[in-house]
Amino acid sequence: GENQRGPFHDAELYPSSPNSPMRKLGWREDVRAGLQANMGLFVTHVATVFMARPPAEFLDHQVDLCTYALNFFQTLARKPALKRRTWEHLLATLLDVTSSVLRTNDPQSRKASLGNRMLSEILKTLLVSWIRASLMVP
């Protein structure tokens, strides 16, 4: 049954959980103020929409949220103000997102998976960001 917080509630998504994807994506409790730190933190938080595993009936909603997240990543990659560490964090996060959405053990559910629906957009975002980073960072 669904708990009081709704179908997307998953204790593993919260940073305090040792198995949290946010920890895997580089979330740190000691983040300090500043533009680069805040962009990195925002990248980490936005990426969690790819890590959720909602029931199948919510897949369309998750695809919509993931599309918005990819648009954010693409917009961020066009900004000239990113420092090397922020670029590295963005690219590492996109690699983790790609790995996460492609990981499906059940061949029957693979066709209706987030990875199947979003793969081309995720790879496009990753490759464009990678090329842009290679041009922007000496």
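The model is predicted. The protein chain contains 6 helices and 0 strands, and its pattern along the sequence reads α-α-α-α-α-α. Much of what follows concerns helix H4, which spans residues 84–102.

**The chain as a whole**

- The protein chain has 138 residues, and 40% of them count as buried.
- Among contacts in the protein chain with a separation of 6 or more, 64% are between residues 24 or more positions apart.

**How H4 packs against H6**

- Two packed helices are described by the angle between their axes and the distance between the axes.
- Helix H6 covers residues 114–136. The axes of H4 and H6 come within 10 Å and cross at roughly 160°.
- That angle makes H4 roughly antiparallel to H6, because an angle over 145 degrees counts as roughly antiparallel.
- The crossing of H4 past H6 is left-handed.
- On the H4 side, the residues that meet H6 are Trp87, Leu90, Leu91, Leu94, Leu95, Val97, Thr98, Val101 and Leu102.
- On the H6 side, the residues in this contact include Leu114, Gly115, Leu119, Ile122, Leu123 and Thr125. Leu126, Ser129, Trp130, Arg132, Ala133 and Met136 of H6 also take part.
- Sorted by class, the residues of the contact of H4 with H6 are 16 nonpolar, 4 polar and 1 charged.

**How H3 packs against H4**

- Helix H3 runs over residues 59–77. H3 and H4 pack at an angle of about 150°, and their axes are 12 Å apart.
- H3 and H4 are therefore roughly antiparallel to each other.
- H3 passes H4 in a crossing that is left-handed.
- From H3, the contact is made by Phe73, Leu76 and Ala77. From H4, the contact is made by Trp87, Leu90 and Leu94.
- The contact of H3 with H4 has 6 nonpolar residues, with no polar and no charged ones.
- Trp87, Leu90 and Leu94 of H4 are listed in the contact with H3, and these residues are also listed in the contact with H6.

- Thr93 is found in H4. Its relative accessibility is 1%, so Thr93 counts as buried; the cut-off for buried is under 20%.
- A polar atom of the Thr93 side chain lies 2.7 Å from the backbone oxygen of His89.
- His89 lies in H4. At 18% relative accessibility, His89 also counts as buried, because this value is under 20%.
- The side chain of His89 reaches the backbone oxygen of Gly40 at 3.1 Å.

- Asn38 is found in helix H2, which covers residues 35–51. With a relative accessibility of 42%, Asn38 counts as partly exposed.
- Asn38 and Thr86 are 48 residues apart along the chain, and their C-alpha atoms are separated by 9.7 Å.
- Lys124 is found in helix H6. Lys124 has a relative accessible area of 42% and is partly exposed.
- Lys124 and Leu70 are 54 residues apart in sequence. In space they are 9.5 Å apart, C-alpha to C-alpha.

Notes
Residues are numbered from 1 along each chain as its sequence is written. This is a predicted model: local features need pLDDT of at least 70, side-chain atom pairs count only at pLDDT 80 or more; totals for chains, interfaces and linings use all residues. Side-chain values use heavy atoms; hydrogens and water are left out. Helices (H or I, at least four residues) and strands (E, at least two) are DSSP runs, numbered from the N terminus. Buried means under 20% relative accessible area, exposed over 50%, partly exposed in between (1.4 Å probe, protein chains only). A polar contact is a pair of N or O atoms within 3.5 Å; within protein, one must be able to donate a hydrogen and the other to accept it, and residues adjacent in sequence count only if both atoms are side-chain atoms. Axes are lines fitted to C-alpha atoms, for helices over the stretch in contact, and angles run from 0 to 180 degrees between N-to-C directions. Angles under 35 degrees count as roughly parallel, over 145 as roughly antiparallel, 65 to 115 as roughly perpendicular and the rest as oblique. A crossing is left-handed if the near helix is turned anticlockwise from the far one by less than a right angle, and right-handed if clockwise. Contact means heavy atoms within 4.5 Å. Ala, Val, Leu, Ile, Met, Phe, Trp, Tyr, Cys and Pro count as nonpolar, Asp, Glu, Lys and Arg as charged, and the others, Gly among them, as polar.
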